[in-house]
Amino acid sequence: MAEWIRRHHKTLLFLLFSSVIFLSRIWYIRDCNALAIRNDEYGYWTHAALFTGHDWSDVFAGHMNWYSYGYSLVLVPLFLLSHSLHLMYKAAILLNGLFAVLSYVLCICCARMLFPKISGFLLLAASFMSCMYSSFITQGPIAWSETFLYLLVWLLLYLFLRFEQKPCASRALLLSVCMGACYITHNRTIGIVTAYFLIVLFLLFTEAIDWKLSAALLIPLLVILFYNADIKTYLCIMEGFGLKAKNGLGAQKDHLLSLLTIEGCWNLLRSLSGQMWSLAAATFGLLYWGLLHCVRHLIHAVRAGKARKHVSFYLFTLLSCAGTFLVSAISLIDPASITNLESDTDLTYFIYTRYDECIIGILLLCGFLHLAFCRKDLRFVLETAGLACLYAAASVILYFNLQRIEDTWHYRSFCAAGIGFYRLLSEDFAMSCCIIISVAGFAIMLLLVSFSRKRFWKARIAGACLFLTAVFIPTGLYSAKIGTINSQLGKVSSGNLSMYGLLKEVAGSHEVYCTLDDTKNYRIAYELQVNLIDTHVYSITMEDLPVTEEGYFICCSSGDLDSFCGDDYYMLTQSRYYTVIAKGDTLAEEVSAKLERSLVNLNSLE
């Protein structure tokens, strides 16, 4: 038995790590019963509904903006297998676990090509740590595009390495299609797309590839981008989003124009410094070491005067990171959110990292392996000092802005989950706490990887990986709980889900009108439609209800019950804040027969 374990220890280790990755993504699956996170989830599920023949435009048309449809294609089979949102949502979470495991496989493949001299045991451990970053765990219980996008970016990096290893037309076509898939999954990858075009031009001008290969690298992507514009136009029209500025590049016009002013440039510096600080703190400095690894590789190539192995890959990685960080920063320099610091400012605008996390996995991998295997000499000391100065500069810029904000509780943990460890110690944001923890974590990691390379050296490096993972797991799970799971449990406790369930039993072909409450909260209409998948739901005001007609249901705020005049309004059920009403005597009798109980006439209520 011991001999068998020794011979198959790498396979067993891979299975163990894969199981932990999968379980960490589905840890809260029993609590995942409802869509809860902003409008993003609704946007993706709306596209999937349209692709399977469901028209939800009367709910989402006036209040929803554009969301990419790439992830929606993943959700389409769920509509074909079941019409129960609870089952579909749990299936989407299970897919997140599968996507994470596949990302781990691709991460291992990339690590083997980039670091062929490092033993498989250490590559498995380093790849495991890279895939267990806390923000990746936080996205597990959310049925939106994040985890799927992480998989696509890892696939893109793997295909790029394969193409770099042996340039040919078939690998070029696959790489181009994958780049297109990343873009139609989320438009935030426009920074990676830009880097992709630049790297193709670089390879062409340096004669690393000929015009045929460059065409194979570009044409499929250009075709996807061209048809994507038509598909986007079609979906915006069919779903009623409209071709407004918010749904295109026009949404960023004011942000881009603000860069021509001093204040706009200062806002950009604030946003970039906040991202770099929070990512460095959350990764215990591995982000900086990953960037340093890429830069050093390029510098060595320039000094040698000839192309080194993987030089184009590291250049592509750096350009992709720079483009993604800039896209994220520019999209967040909203003057009303990031300059009016004395008001109730959302801290997430300063430490927002969700857009960046699709590309930083490769930096975690390269940063850790660089730190573990580089020589600990004078150059290492100077590099460490330089990175410390960069981190300090970002900290100072962020500090002098955040100290002016009083409401430091306002923070969306699922958008900046990496530094969520401060939440374990304090409800309010504590920048000093984050710095102390991150510096202490880096010091422990450095001690583990910097001793002599003789006794238990590999075990200590693996221990450093497990140490980081042991910090990432509780941070990621806790951020998921306070940012997602508590919101979902809140919907369950409000009674809305049971209300939807009862309405689904009796709705049949009858239409449902969801009136807007006093707070103009359109979420109740969104929730109603996604739970009543086959029912036509309308989002409407009380004044616009078709009072002369009958044979439909009304979902309204419980405070609006006094607004109904007439004898043909019957209460079906209530939640904490909302009431479902059947309009019409015939409908009330039909529902009563199904439920084997009489409905309560509104006129009989006091």
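**View 1. Ser273 sits in helix α14 (residues 262-282).** Helices here are DSSP runs of H or I with at least four residues, strands are runs of E with at least two, and both are numbered from the N terminus. Keep in mind that this is a predicted model, where local features need pLDDT of at least 70 and side-chain atom pairs count only at pLDDT 80 or more, while totals for chains, interfaces and linings use all residues. Residues are numbered from 1 along each chain as its sequence is written, and side-chain values use heavy atoms, with hydrogens and water left out. Is Ser273 buried or exposed? Ser273 has a relative accessible area of 6%, so it is buried. (Buried means under 20% relative accessible area, exposed means over 50%, and partly exposed is in between, using a 1.4 Å probe and protein chains only.) Leaving aside residues up to four places away in sequence, Ser273 touches Ala394, Ile397 and Leu398; a contact means heavy atoms within 4.5 Å.

**View 2. Strand β4 has a partner in β5 and another in β6.** Five of the six residues of β4 are buried, so this strand is largely enclosed by the rest of the structure. Two strands pair if DSSP finds at least two bridges between them. β4 and β5 run antiparallel and are joined by five bridges, and with three residues between them they make a hairpin. With strand β6 (residues 600-601), β4 also pairs in the antiparallel sense, this time over two bridges. Look for Met571: its bridge partner in β5 is Ile581, and its bridge partner in β6 is Val600.

**View 3. Lys583 and Asp568 join their side chains in a salt bridge, at 3.0 Å from N to O.** The two come from distant parts of the chain, 15 residues apart: Lys583 belongs to strand β5 (residues 578-583), and Asp568 to the loop between β3 (552-557) and β4 (569-574). Lys583 and Asp568 are both buried. What counts as a salt bridge is a side-chain nitrogen of Lys or Arg within 4 Å of a carboxyl oxygen of Asp or Glu. How many salt bridges does a search of the whole structure find? The search turns up six.

**View 4. Arg354 and Asp40 form a salt bridge, with their closest N and O atoms 3.8 Å apart.** Arg354 lies in the loop between α18 (348-351) and α19 (361-373), and Asp40 lies in helix α3 (residues 40-51), so this pair ties together parts that are 314 residues apart in sequence. Both Arg354 and Asp40 are buried.

**View 5. Arg188 and Glu146 meet through their side chains in a salt bridge of 2.9 Å, N to O.** Arg188 is in the loop between α10 (169-185) and α11 (190-205), while Glu146 is in helix α9 (residues 146-165), so the pair ties together parts that are 42 residues apart in sequence. Arg188 counts as buried because its relative accessibility is 3%. Glu146 is buried too, with a relative accessible area of 0%.

**View 6. Here are some aromatic rings that pair up, from a total of 28 aromatic pairs.** One of these pairs is Phe60 with Tyr526, which is stacked at 4.8 Å centre to centre, with 20° between the planes. Phe60 is in helix α4 (residues 57-60) and Tyr526 in helix α24 (residues 523-531), so they tie together parts that are 466 residues apart in sequence. Phe60 counts as buried because its relative accessibility is 0%, and Tyr526 counts as buried at 2%. Tyr352 and Tyr355 form an edge-to-face pair, 5.2 Å centre to centre and 85° between the planes. Tyr352 and Tyr355 are both buried. As for the rule, rings of Phe, Tyr and Trp (its six-membered ring) pair if their centres lie within 6.5 Å; planes under 30 degrees apart are stacked, those over 60 are edge-to-face and the rest are tilted. Ring pairs also link Tyr42, Trp45, Trp56, Phe60, Phe79, Tyr89 and Tyr526 into a cluster.

**View 7. Out on the surface, Ile219, Val223, Phe226, Tyr227 and Ile231 make a nonpolar patch.** Together these residues have about 480 Å² of accessible area, worked out by the Shrake-Rupley method with a 1.4 Å probe, where for residues only the protein chains shown count as cover. Patches are made of residues with over 30% relative accessible area and no salt bridge; like charges are joined within 9 Å, and nonpolar side chains (Val, Leu, Ile, Met, Phe, Trp, Tyr) within 5 Å. Ile231 lies in helix α12 (residues 211-238). Ile231 counts as partly exposed because its relative accessibility is 32%.
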